[in-house]
Amino acid sequence: SPPPSMEQFASEYGIRLELYSHLMLALSTAGATTSSCQSSPRDLYIAKHKGDMDPSILGQVFDVIHQYQLRVCVVPSAQFIHLGTTQELLEFLIYGSRRHLQDDGNNDASISSTMMDKNQMRCTQFGRKIGLVRRSHTFLSGDIATNGHTVILNSQLRVMGKAENTPPNSIGTGTVIEHVDVTVYKGLTIGTNCLISGLRGLFQGRVVIPDGMCIHMIPLKETASTNTQRIDSKQRQRYALICLAVKDPIKACSTLYSLPFHQVLEKSGMHVDDVWEKSIPPNKRQLWNAKIHPIVELPKKDEHVVLDFLEWINYLCNSNLVSTTKAVAKDLEWLSKCALIPKLSLSQIGAMADATTEHSYRHTLMTERIPLSIETHKQEMEHLILNRLHLPCDFSNVVDAYMNGNEEVLRSSLKILDGIVMKTTKNGLFDIAGRCFMLMSSLFVDIANSLSAGHDANNIDLHFTTEFNSAIEVIRSTIDYDNVEKERACSTFLVMRDNALFSDDESLASARQLLQSAEYMELVAHAMTELCVSGGVDPVVERCEGFSTNNNGEWVLSTAPARIDLSGGWSDTPPISFEHGGAVSSLAVTVDDRKPFSCRCRFVKGAPMVTMKTESRDPNDGTLLYSTESQCFTTADFSDYRNPNADCALIKCALLCLGLMPLNEVNAEDPREFKPYLHEFCNRKGTVGLEIISTSLLPRGSGMGGSSILAACIVSAIANCVGIKLFDNEDGENKQQLVIQAVLRVEQLLTTGGGWQDQIGGIFGGLKLGTSDAHVIPLRTRVKEFHLPPEIEIELNNRLTLVFTGRPRLAKNILQNVLRRWARRSPEIVETVKELVQGAKEMTESAQSGDLDRLGMCLGQYWEQKKKMAGKDSGVEPVVVEQVLSKLRNERKIDGGTLCGAGGGGFLALLARKGRNSGDLQTWIESHKGLFHADVNLFSWHKCAVCNEGLATQTVTSSNSDSFDIRWHNVTS
């Protein structure tokens with residue numbers, strides 16, 4: 001027979017010597033003495049290792065090694081950290097690494113020095129001196145939530161989807177991931193304080209790893225024997241899957257997966273003989289030599305891997321070892337699977353591990369697979385943006401790279417977006433260009449939030465240069481500049497952005513610089529959206545005969561009801577409304593028996609100026625609560641029209657939308673005579689001015705469409721006064737289309753970015769369904785009105801309840817977050833938009849058919865969809881609102897409810913259960929105030945009824961501008 005190999009000979013005849021216990025302990029040390037009463041070092045050495053091997057062999061080892069002396073070389077000012085356990089390794093990587101290369105440790109909110117012990121502080125100091133970072137050679141895809149207190153090294157994780165009703169994809173705080181290459185199809189949840197190393201493969205199911213786990217996947221040599229059936233090595237690679245808790249002591253057997261070891265054995269149905277070889281005596285049984293780590297087979301082709309054993313561990317860790325009938329059945333199911341899996345001990349794995357294969361895998365992952373994934377990801381992003389696909393634009397890998405000082409990844413990603421911007425702007429595809437600018441804004445915000453350790457950095461001061469203002473007006477202009485000039489303006493924005501973010505000294509931008517750039521990019525995105533709403537052309541003003549007034553106190557008065565959005569809101573908001581298409585079901589209502597919104601306009605002789613006033617009045621008697629005024633004598637007096645907080649900005653935008661003067665003539669630094677523009681606009685002989693007063697009977701931030709419906713009243717009153725055609729004569733779908741478009745244009749000029757549902761809700765009376773189609777530019781809407789049977793309307797009026805929460809809604813901040821998430825096409829927000837559009841149609845059917853119980857259910861679903869759109873921690877649902885809705889549902893007082901509009905405050909709409917009414921709800925809440933947050937004391941209750949009269953215009957008379965008649969707000973038909 002052939003002679004044995006060196007490995008075979010060593011395995012059969014060799015003596016196993018350990019570095020520390022056998023070799024180093026045998027070394028002599030200078031100055032060591034032995035007293036007469038003590039045993040000799042040789043005797044002590046043999047006694048310590050008694051049982052390991054023959055004493056004569058131990059004596060021979062000692063005699064040879066003891067001739068040499070142990071010497072220590074001390075390096076001056078050196079530091080030493082001993083990493084002897086998995087927990088110590090975790091602490092070193094977590095506490096020793098920086099969030100990003102600029103981090104000096106003083107601004108890392110995820111690690112508080114007051115919470116660290118001395119060893120953790122030493123890890124922090126040591127790690128920063130040697131340059132440890134928390135991200136290196138990393139690619140994440142699939143909306144995986146992480147935080148700054150997570151380390152990911154030489155790994156790529158792709159999550160292709162998420163199973164329904166499961167938590168978001170996430171990696172817990174304090175977790176270290178290294179050399180991992182996985183693709184997961186139904187969700188990924190990795191707990192806190194875990195160490196995941198070498199995990200690889202495609203996983204069809206959901207991967208869940210409990211808190212505090214150590215998972216290590218190690219390739220095995222193909223020639224190694226495991227006492228299992230032979231596997232064809234040409235088809236599959238075998239791996240050992242080490243599964244332990246981070247704090248499990250491997251030199252003992254007290255716990256396994258952080259659970260009592262004997263209970264795990266009992267629960268799993270295993271016997272000690274299944275875990276340890278019979279040759280291992282009880283006092284030598286440890287986790288080190290326990291056969292508890294399964295062998296898994298990884299196909300060499302892209303086939304899916306099954307991790308049944310990992311699911312078994314997760315089940316154990318979450319079952320609390322409590323036996324129930326259901327639990328026992330589950331036990332048997334998992335046990336039958338896991339019992340068949342061959343297993344190894346740590347000591348066996350050490351001998352069988354294929355270090356060559358593992359090194360090759362890690363090197364290939366770092367130098368080939370991850371770079372290829374990043375490059376492929378960029379190409380995929382470009383494809384889906386250019387083709388207007390509703391798929392995620394995930395730039396989390398860019399954030400990770402930038403956090404570790406890799407500025408080049410950000411530059412290359414921006415280069416792709418810049419190329420798309422230039423190409424699409426030149427071709428007039430402003431919706432695509434606008435999405436790119438919003439993606440830039442979202443990316444900068446994500447990086448800034450990471451740099452600032454999650455602190456929200458609001459109130460960013462923007463300083464608009466002449467260069468920026470000139471370029472943004474080129475984008476906004478509909479007649480003076482062609483697409484080539486708009487392309488040139490985009491180039492200006494991109495150069496300004498790069499100058500702000502990328503410096504010659506290679507230092508990275510601060511969070512504040514990134515947030516400023518985000519705001520600038522967002523303004524350009526809004527300008528692109530403005531073009532899509534208008535279609536790139538100014539509205540054609542068609543003259544008609546205005547209302548006949550005698551100029552002596554007669555006003556043209558337009559009034560409109562409020563609206564309750566029943567379902568579909570957010571799908572009407574540009575750019576969602578023209579990128580995806582929208583549908584909103586809404587109901588026009590009176591509040592306390594009045595139409596809450598009005599505007600009156602009249603001519604004033606002898607003064608070539610415009611006097612504007614906005615009023616808030618008491619809905620009961622019309623008492624003036626507060627007002628703001630503005631007078632415009634020159635073109636420069638309109639220059640603040642884009643500032644929503646400026647006095648009478650809404651009226652200014654309405655005048656400019658109706659063609660008072662070209663937008664490029666409005667310049668604060670170049671005031672021009674106003675009289676020629678006003679004379680032509682008013683279409684009257686002689687010197688004449690305008691007086692315009694808008695009135696609201698609802699508090700600001702009501703959520704009932706106030707700004708947009710007021711804009712409709714303002715546009716209608718002015719147009720009917722000066723003789724501008726807004727209404728088509730036919731009764732088809734395009735009836736009142738011009739006023740809807742005018743209000744959309746007004747809100748774009750005002751930069752509030754509102755949708756079309758509010759004005760449709762107030763312009764048309766009763767129940768209606770508004771829709772808009774995807775990829776139709778300029779944005780166009782259609783309205784279908786529905787007549788409610790009288791008996792259904794009476795019941796609805798009886799059960800419908802309005803409660804003002806005492807707090808204004810937060811539309812502006814919520815809107816910004818929604819539009820950023822929409823630009824990224826987060827899976828949750830895309831799916832929710834689909835649900836909103838479908839829900840609007842179902843809601844309209846419910847109301848029309850008289851199924852008010854179903855209507856209430858749809859109303860509750862709509863509120864849940866609104867919360868999803870706003871996102872976590874948006875503040876969209878105040879505590880008191882959550883409590884009231886929950887309690888009223890549990891007490892079976894209501895069928896459903898929602899905050900009107902974007903949420904955060906404003907009016908709460910409730911639908912009482914059949915047999916109950918608004919008074920019943922008010923009585924119950926006020927008699928149980930102790931159950932709710934103190935803000936329940938701010939609630940005020942209001943009568944609400946369906947209003948079948950929409951926007952209406954008439955002439956009224958008053959002696960002066962201060963005169964007001966509350967009866968103007970009564971329903972006239």
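## Basis of the description

Contact here means heavy atoms within 4.5 Å, and helices (H or I, at least four residues) and strands (E, at least two) are DSSP runs numbered from the N terminus. This is a predicted model, in which local features need pLDDT of at least 70 and side-chain atom pairs count only at pLDDT 80 or more, while totals for chains, interfaces and linings use all residues. Residues are numbered from 1 along each chain as its sequence is written, and side-chain values use heavy atoms, with hydrogens and water left out.

The chain has 30 helices and 30 strands. Of its 973 residues, 52% are buried, where buried means under 20% relative accessible area, exposed over 50% and partly exposed in between (1.4 Å probe, protein chains only). Among the contacts in the chain with a separation of 6 or more, 71% join residues 24 or more positions apart.

## Helix H13 and its surroundings

Helix H13, residues 396–403, is mostly covered, with seven of its eight residues buried; these are Asn397, Val398, Val399, Asp400, Ala401, Tyr402 and Met403. They pack against strand E1 (135–141), helix H12 (355–386), helix H14 (407–426), H15 and H18. After H13 comes Gly405, which has a positive phi near 85°.

## The pair H17 and H18

Two packed helices are described by the angle between their axes and the distance between the axes. For helix H17 (residues 483–501) and helix H18 (residues 511–534), the axes come within 9 Å and cross at roughly 170°; the axes are lines fitted to C-alpha atoms, for helices over the stretch in contact, and angles run from 0 to 180 degrees between N-to-C directions. H17 and H18 are therefore roughly antiparallel to each other, given that angles over 145 degrees count as roughly antiparallel, under 35 as roughly parallel, 65 to 115 as roughly perpendicular and the rest as oblique.

On the H17 side the contact includes Lys486, Cys490 and Phe493, which, together with other residues of the helix, meet a set in H18 that includes Leu514, Met521 and Val524.

## The six-stranded sheet

An open sheet with mixed pairing is formed by six strands in the order E21-E20-E22-E19-E16-E30, two strands being paired if DSSP finds at least two bridges between them. Strand E21 (624–632) and strand E30 (952–957) stand at the edges with a single partner strand each, so one side of each is left without a neighbour in the sheet. Neighbouring strands of this sheet are turned by 20° against each other on average, direction ignored.

Within the sheet, strand E16 (residues 554–560) and strand E19 (residues 597–605) pair in the antiparallel sense over five bridges, and the bridge partner of Thr559 in E19 is Ser598. Helix H21 (residues 675–682) packs on the sheet, where H21 touches E19, E20 and E22 and its direction makes about 70° with that of E22. Helix H20 (residues 649–657) lies across strand E20 (610–617), E21 and strand E22 (688–696), running at about 135° to E20.

## Nonpolar cores

A nonpolar core is a set of buried Ala, Val, Leu, Ile, Met, Phe, Trp, Tyr and Cys residues joined through side-chain atoms within 4.5 Å. The largest has 188 residues, and those with the most contacts inside it are Phe437, Ile564, Leu655, Leu690 and Met704. Helix H15 (residues 430–451) gives the most to this core, with 14 residues. Leaving out residues up to four places away in sequence, Leu690 touches residues including Phe603, Leu655, Leu678 and Phe681.
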